[in-house]
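Have the structure open while you read, and go through the points in order.

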Amino acid sequence: GGRHVLAAFGRSKMLTTSRYLEAPRRLRAFVRAHETSLVVLAALVGTVGGWVVFAKSVAVAALHAVLFSMASVFAPHYGP
């Protein structure tokens, strides 16, 4: 929820009192109405999170290779 504050020239502006990012009202209603959509939404969030972690891992390996002249974790390793 939030409160409406009268701004300049009589326009109403919404100020949120929540510190959290909230999903749009229609999306929340759809998830509540269809329980299977919660599973689909969880799978989507998990997939996106997995790709973000993978991208961060690749970026860190590349930075280590460039900054510290270290071999990449993703490069093939031969020998003892």
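This is a predicted model: local features need pLDDT of at least 70, side-chain atom pairs count only at pLDDT 80 or more; totals for chains, interfaces and linings use all residues.

1. Now the overall layout. The protein chain has two helices and two strands, and the order from the N terminus is β-β-α-α. How much of the chain is buried? Of its 80 residues, 4% count as buried.

2. How do the two helices meet? The axes of H1 (residues 25-33) and H2 come within 5 Å and cross at roughly 115°. On the H1 side, the contact is made by Phe30, Val31 and Ala33; H2 brings in Glu35, Ser37, Leu38 and Leu41. Sorted by class, that contact has five nonpolar residues, one polar and one charged.

3. Next, the aromatic side chains. The count comes to one aromatic pair. The partners are Trp51 and Phe54, with ring centres 5.9 Å apart and planes at 85°. Since planes over 60 degrees apart count as edge-to-face, that is the label this pair gets. Both residues sit in H2 (residues 35-68), and because they are three residues apart, about one helical turn separates them.

4. Phe54 comes out at 43%, which makes it partly exposed.

5. Last, the charged side chains. In general, side chains of opposite charge can pair when their charged atoms come close. Here the count is one salt bridge. Which residues form it? Glu22 and Arg28 do, and their closest N and O atoms are 3.7 Å apart. The cut-off is 4 Å, so a distance of 3.7 Å qualifies. Glu22 is partly exposed, with a relative accessible area of 44%, and Arg28 also counts as partly exposed, at 28%.

Methods: Residues are numbered from 1 along each chain as its sequence is written. Side-chain values use heavy atoms; hydrogens and water are left out. A salt bridge is a side-chain nitrogen of Lys or Arg within 4 Å of a carboxyl oxygen of Asp or Glu. Buried means under 20% relative accessible area, exposed over 50%, partly exposed in between (1.4 Å probe, protein chains only). Rings of Phe, Tyr and Trp (its six-membered ring) pair if their centres lie within 6.5 Å; planes under 30 degrees apart count as stacked, over 60 as edge-to-face and the rest as tilted. Helices (H or I, at least four residues) and strands (E, at least two) are DSSP runs, numbered from the N terminus. Axes are lines fitted to C-alpha atoms, for helices over the stretch in contact, and angles run from 0 to 180 degrees between N-to-C directions. Contact means heavy atoms within 4.5 Å. Ala, Val, Leu, Ile, Met, Phe, Trp, Tyr, Cys and Pro count as nonpolar, Asp, Glu, Lys and Arg as charged, and the others, Gly among them, as polar.
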